[in-house]
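Student: I am new to this structure and would like to go through it by question and answer. Please show it first.

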Amino acid sequence: MTPAPLPVLLVDDDPDMLARLGEVLGSVGVTPEQLCQAGSLAECQQLVTAPEGGLQPMVMALVDLGLPDGNGIDLIDWLRARNPVLPILVVSAWSTEEMILGALRAGANGYVLKERDDLEIALSVRNVLKGGAPIDPFIARRILDLVGRTPGRQPTPVQPPDPALREALTERERQILDHVAEGMSNREIAECLHLSRWTIDTHIRHIYDKLAVSSRTQALRRAREHGLLR
């Protein structure tokens with residue numbers, strides 16, 4: 001008898017994101033039967049702990065850092081202590097220095113932001129499974145900035161927030177921008193806000209125009225720089 005394929009662990013408290021990751025994994029050959037999903041740190045630990053107290057065999061783990069009963073860094077540390085070679089990919093909206101370095105120090109093999117499209121996340125999954133260490137371009141720049149801070153050297157001044165940008169965006173546009181930062185697609189945002197896909201597409205174009213950008217990544221970077229995200 002052919003043994004059942006090993007499971008892939010997904011940890012995120014957002015059901016829509018779990019569904020999205022399931023579709024992404026499906027594109028790289030992971031079947032729905034292989035998905036092992038948890039919405040919290042405690043649920044995950046209970047789900048993957050083997051009867052003898054160790055960790056059940058798994059293909060890899062995709063972990064969010066913002067969990068309702070703790071953070072993903074603690075979970076990564078817990079998983080790594082029980083399986084030193086388990087491939088672990090962070091898929092999160094968090095991008096603070098503390099969270100980035102904490103996740104990598106805890107043992108994450110890669111780090112990709114939820115705002116990336118499905119293809120980019122799928123490529124990161126493939127990379128991790130092949131032994132690579134994919135780092136989101138935005139995260140990589142943050143790490144390079146940190147590495148470049150030598151003793152006695154002042155960090156590059158951060159661009160001050162522009163009040164005009166905050167005033168330029170409508171409340172609806174800021175709401176949509178927050179959903180984009182959570183990694184939601186235009187279709188998912190439309191369903192969440194009970195609006196048409198066309199309406200969301202129009203709002204996104206207006207956001208791009210007001211922020212003088214041409215992509216979701218650029219929009220979120222500029223929004224973070226100017227404190228536009230809630």
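Student: Which residue forms a salt bridge with Asp-64?
Tutor: The model is predicted, so local features need pLDDT of at least 70 and side-chain atom pairs count only at pLDDT 80 or more, while totals for chains, interfaces and linings use all residues. Residues are numbered from 1 along each chain as its sequence is written, and side-chain values use heavy atoms, with hydrogens and water left out. A salt bridge is a side-chain nitrogen of Lys or Arg within 4 Å of a carboxyl oxygen of Asp or Glu. With its closest N and O atoms 3.2 Å apart, the partner of Asp-64 is Lys-114.

Student: How many residues apart in sequence are the parts that Asp-64 and Lys-114 tie together?
Tutor: Helices (H or I, at least four residues) and strands (E, at least two) are DSSP runs, numbered from the N terminus. Asp-64 lies in the loop between strand 3 (60-63) and strand 4 (66-67), and Lys-114 in the loop between strand 7 (110-113) and helix 5 (118-129), so the parts tied together are 50 residues apart.

Student: Is Lys-114 buried or exposed?
Tutor: Buried means under 20% relative accessible area, exposed over 50%, and partly exposed in between (1.4 Å probe, protein chains only). Asp-64 has 4% relative accessibility and counts as buried. Lys-114 has 7%, which means that Lys-114 is buried.

Student: Which helices hold Glu-173 and Lys-210?
Tutor: Glu-173 and Lys-210 form a salt bridge, the closest N and O atoms being 2.8 Å apart. The pair ties together parts that are 37 residues apart in sequence, because Glu-173 lies in helix 8 (residues 171-181) and Lys-210 in helix 10 (residues 197-211). Glu-173 is buried at 3% relative accessibility, whereas Lys-210 is partly exposed at 31%. The helices are helix 8 and helix 10.

Student: How many salt bridges are there by this rule?
Tutor: Another pair is Glu-191 and Arg-187, at 3.4 Å from N to O. They are four residues apart in helix 9 (residues 186-193), about one helical turn. The count comes to eight.

Student: Which residues does His-179 touch, not counting residues up to four places away in sequence?
Tutor: His-179 is found in helix 8 and is buried, with a relative accessible area of 12%. Contact means heavy atoms within 4.5 Å. The residues touched are Met-184, Ile-189, Cys-192 and Leu-193.

Student: How far apart in space are Asp-209 and Pro-51?
Tutor: Asp-209 is in helix 10 and counts as exposed at 60% relative accessibility. Asp-209 and Pro-51 are 158 residues apart in sequence. From C-alpha to C-alpha, the distance is 56 Å.
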